Amino acid sequence: MYLYNNDDQQLVDQRVEQYRDQTNRFLAGTLPEDEFLALRLMNGLYVQRQAPMLRVAIPYGVMSSVQLHKLADISRKYDRNYAHFTTRTNIQYNWPKLEEVPDILAELASVQMHAIQTSGNCIRNTTTDPYSGVHPNEIEDPRPYCEIIRQWSTLHPEFAYLPRKFKIAVTGGPEDRAASQVHDIGLHLIKNEAGEVGFEVLVGGGLGRTPIIGQVIKDFLPAVHLRSYLDAILRVYNLSGRRDNKYKARIKILVKALGIEKMAALVEEEWLNYTKDTELALSTADIEKFKSYFQPLDYDKSAANNIDLTADFAKSSDFKVWYEKNTLEHKVAGYRIVVISLKPHLLPPGDATDVQMDIIADLAEQYSYSEIRSTHDQNLVLTDVKIADLYALWLALSDANLARANIGTLTDMICCPGYEFCALANAETLPIAEQINRKFDDLDYLYDLGEIQLNMSGCINACGHHHVGDIGILGVDRKGENYYQFTLGGSSKSDAAIGKTIGKAIASAEVANTVEKIINVFVEHRIESESFSDVCKRIGLEPFKEYVYATSH
Amino acid sequence: MPLLINGKVVVDSWLAVDSEKLVADQQEQLDAINQANVPVILPLAIYVQCQDQLKLDVTKVGVKVVGDDDLSSLLAVLDSVALVAIDFPVLRDGRGFSIARSVARTGFKGEVRATGDVGFDRLDYMHRSGFNSFLISDDLFTENTVKAFTEIDFNYQPTHQRSA
């Protein structure tokens, strides 16, 4: 992974002191609250219903054991012994003290981490495929490009006061595990006919009040022009994006208003005339330098000779199920990618305790080159585990309640923290997640259902990505009561689609029952092992609507 | 209001023309400006419109730009002005950063002045985006203000370096 040089370290150290000074001035009353608000947000600090919330960046979801130990340590020392992993692969603390945040940042800086631009109207943490560098279908490892973007966007002086927040996601192959089509910019690594590596560039995707799938603004951007082209898009957006209404300020609204052709023409003009041939242009040597930070690991060739799990499977059928559900093919023979489920039974999705974080960090050290990834689906990944080590790893994860074999199933849900933890939320999500978990506690049944993505948000801002779940649930408030609006047919994968509402919102007590009804319709219409998504596409929404609302007539 | 240039507070020799008066009685105001022969800052739109009637030397002409102004009309007059004042109406409005960048990258040698909401925590970003002059309100200016430019020494943007 990328390691800080002296310049990187100096920058985060000075940033800590800069933020400490801002906090001190705010506490002393010399920095007005509204000004401090913009500054603290740009450093990931929200003030929520019950306490501040600090979001710490995990750049493109990659962290070391040392860093994860530090994150655990911070939750012990400054918070309530747990933290929450987000859909944009960051981590959030729900109970820090505002006056202690500078100390937390100093601790983070000591392990090459920070909270820079994890919120605010600026360029946020870039996200990517959690299997970067190890997935067999990858065209190229996207992490070097993510690091290029991280550096270019970090404390960019011109783009810190954009009309609204700005999110970039990068994919390295045909499968999209980064929800790139619902980002302000989606970058898809591709090869052109000449075999050169570059990007298909999408712009104007997003969720929130106006969910939109991104559109292609450039079919093929040679990799050397990555920074200069992003710079051009950002400048067009900064100058022309709406600032009169924050709900219409994202770049998706600008793209929609101009049309993609006009938007592309404006960006092209800016790029060709002003940014393409500046110092932003990368040389092949520059790119090679970034690639050198992400070289393939020193894999053990003999691992390929030790891949027979028959004996381990015989020891435990649970292990076999976990192997099938929570591990994936690795590009190197003898290794597997392991997904650590942060979706245990009846506990908040995406949360990890300090003890669990320490255990995962230790296991990464022992079994997976001391590296951990966080995923868009709010799980963690050990990317490089020898097949021969899987059983021992599974035992250790099981002991820590981290081996629920539910990856890709209905209970592997994406869920925002909801009303209890977020000042924006209108409705609770965690008790609803629990309700659904209680209803669907039979794992064998879940496996029979196949892959189903259930996403839930506690408000229209859609942090739980409900629009792009196979089943989406949006919490709304009606005169103090929570109701839940269902959408079906969404996807954040390569077939990205915005789900459609099936009817009026449903009372909170009926949410799990409604999910069950939806599943029943799916099972009834399913042909052989057809996926939920395919059935939805084939039969449309009507059968679901009829069945879900039938009893209320 | 203190005017900060190159880390020092300097005397502001520019006269900001009252745009309401100018609109109300353009000819009289222009005559007065020509007669006074001191450096003036005119709103961009008005300058574009009455450019030919102005008898001042280039070194005495400045324009004031706001976010809604047409950027191309600003770029078209850069050769005939010595100062561009870019206004930050509110904290949230960051268009001024990109306007300054658009001016600075043409090689414009004159003064690029930040006006409006110009506070300590944005001075360095303004400087690196192309501003070289900062009009700071009295209540925001302290003896510490110049430290804003040295809080963070290193940066990643080759196109947005601090000028000397």
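Q: How many residues does the contact take from chain B and from chain A?
A: This is a predicted model. Both chains contribute to the contact. Chain A gives 29 residues, and chain B gives 25 residues.

Q: Which helix supplies the largest share of the side of chain B that touches chain A?
A: Two helices of chain B, H5 (95–104) and H6 (123–129), each supply at least two residues of that side. By kind, the residues there divide into 8 nonpolar, 8 polar and 9 charged. The largest share is 4 residues, and it comes from H5(B).

Q: Why is helix H5 of chain A largely enclosed by the rest of the structure?
A: Look at residues 143–153 of chain A, which form helix H5. Among the buried ones are A:Tyr145, A:Ile148 and A:Trp152. The helix is largely enclosed because the buried residues number 11 of the 11.

Q: What covers the buried residues of H5(A)?
A: Both strands and helices of chain A take part. The strands include S3 (62–64), S6 (127–128) and S7 (168–171). The helices include H6 (226–240) and H9 (284–292).

Q: Which residues is B:Val84 in contact with, leaving aside its neighbours within four places in sequence?
A: B:Val84 has a place among the core residues with the most contacts inside it. Set aside neighbours within four places in sequence. The contacts are then B:Gly62, B:Val63, B:Val65, B:Val103, B:Gly110, B:Val112 and B:Arg113.

Terms used:
Residues numbered from 1 in each chain as written. Chains lettered and ligands numbered in written order. Predicted model: local features only at pLDDT ≥ 70, side-chain atom pairs only at ≥ 80, totals over all residues. Buried ≥ 20, exposed ≤ 12 C-beta atoms within 10 Å, placed from the backbone. Contact = placed C-beta atoms within 7 Å. Core = buried A, V, L, I, M, F, W, Y, C linked by C-beta atoms within 7 Å. Nonpolar A, V, L, I, M, F, W, Y, C, P; charged D, E, K, R; others polar.
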